[in-house]
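Subject: A structure to look through, with notes

Dear colleague,

I am handing over a structure that I would like you to look at alongside my notes. Please open it first, and then read on with the model in view.

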Amino acid sequence: MWKIRMWKKNREMIHFSGRRHTRLGVTSAVIGIVNVLGFTTVSILSGTSHGNGGIYLGIIGLLLFGFAIYGFYLSYKALKEKDVFYRFPMIGISLNGLMIIIFLILYIIGFGG
């Protein structure tokens, strides 16, 4: 008897909504993951060359910084949409924001000498 009531209660608790995963949020999360992987790759390449990676690694780092800013912007736009799930925009804003902070710290240290 108790199992039947529990099943009926769970069945009544299912609610379908019109929410969906926003395309901007998924894109920003993918950009954030690419930024983290790219930064890791550039860091490993720079470490294996003992800091003499050349201009190409610096250009790749600047491009990754630009992608991080763009991904953060997409996440911000995705958070402003209504009736969407916020999982991917939050992942995107976290990863891209963290990467922006890391890149800024590296560039400030690099300009210091």
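This is a predicted model: local features need pLDDT of at least 70, side-chain atom pairs count only at pLDDT 80 or more; totals for chains, interfaces and linings use all residues.

Residues are numbered from 1 along each chain as its sequence is written, and side-chain values use heavy atoms, with hydrogens and water left out.

The chain as a whole

The secondary structure comes to four helices and two strands, where helices (H or I, at least four residues) and strands (E, at least two) are DSSP runs numbered from the N terminus. Along the sequence these elements follow the pattern α-β-α-α-β-α. Of the 113 residues in the chain, 24% count as buried, a word that stands for under 20% relative accessible area, with exposed meaning over 50% and partly exposed in between (1.4 Å probe, protein chains only). If we look at contacts with a separation of 6 or more, residues 24 or more positions apart account for 80% of them; contact means heavy atoms within 4.5 Å.

Helix α2 and its partners

Helix α2 has 26 residues and reaches 37 Å from its first C-alpha to its last, which is close to the 38 Å expected at 1.5 Å a residue, the expected span being 1.5 Å times one less than the number of residues. After α2 comes H50, whose phi is positive, near 55°.

How do the axes of α2 and α3 cross? The axes of α2 (residues 23-48) and α3 (residues 55-80) come within 8 Å and cross at roughly 160°, where axes are lines fitted to C-alpha atoms, for helices over the stretch in contact, and angles run from 0 to 180 degrees between N-to-C directions. The two helices are therefore roughly antiparallel to each other (angles under 35 degrees count as roughly parallel, over 145 as roughly antiparallel, 65 to 115 as roughly perpendicular and the rest as oblique). α2 passes α3 in a left-handed crossing, a term used if the near helix is turned anticlockwise from the far one by less than a right angle, with right-handed used if clockwise. The residues of the contact of α2 with α3 divide into 14 nonpolar, eight polar and one charged; here Ala, Val, Leu, Ile, Met, Phe, Trp, Tyr, Cys and Pro count as nonpolar, Asp, Glu, Lys and Arg as charged, and the others, Gly among them, as polar.

α2 also packs with α4, at an angle of about 35° and with the axes 7 Å apart, and this crossing is left-handed. The residues of the contact of α2 with α4 divide into 14 nonpolar, six polar and no charged. Within α2, the buried residues are G25, S28, A29, I31, G32, N35, G38 and V42, and they pack against α3 and α4 (87-112).

Helix α4 and its packing with α3

The axes of α3 and α4 come within 8 Å and cross at roughly 145°, and α3 passes α4 in a left-handed crossing. The residues of this contact of α3 with α4 divide into 18 nonpolar, six polar and no charged. In α4, the buried residues are P89, G92, I93, N96, G97, M99, I100 and F103, and what covers them includes α2, α3 and β2.

F67 lies in helix α3 and, at 46% relative accessibility, counts as partly exposed. Not counting residues up to four places away in sequence, F67 touches I31, N35 and N96.

S46, in helix α2, counts as partly exposed at 27% relative accessibility. S46 and L57 are 11 residues apart in sequence and 7.4 Å apart in space, C-alpha to C-alpha, and S46 touches G51 and L57 when residues up to four places away in sequence are not counted.

Y86 has its place in the loop between β2 (84-85) and α4, and it counts as partly exposed at 37% relative accessibility. Y86 and G25 are 61 residues apart in sequence, and their C-alpha atoms are 7.7 Å apart in space.
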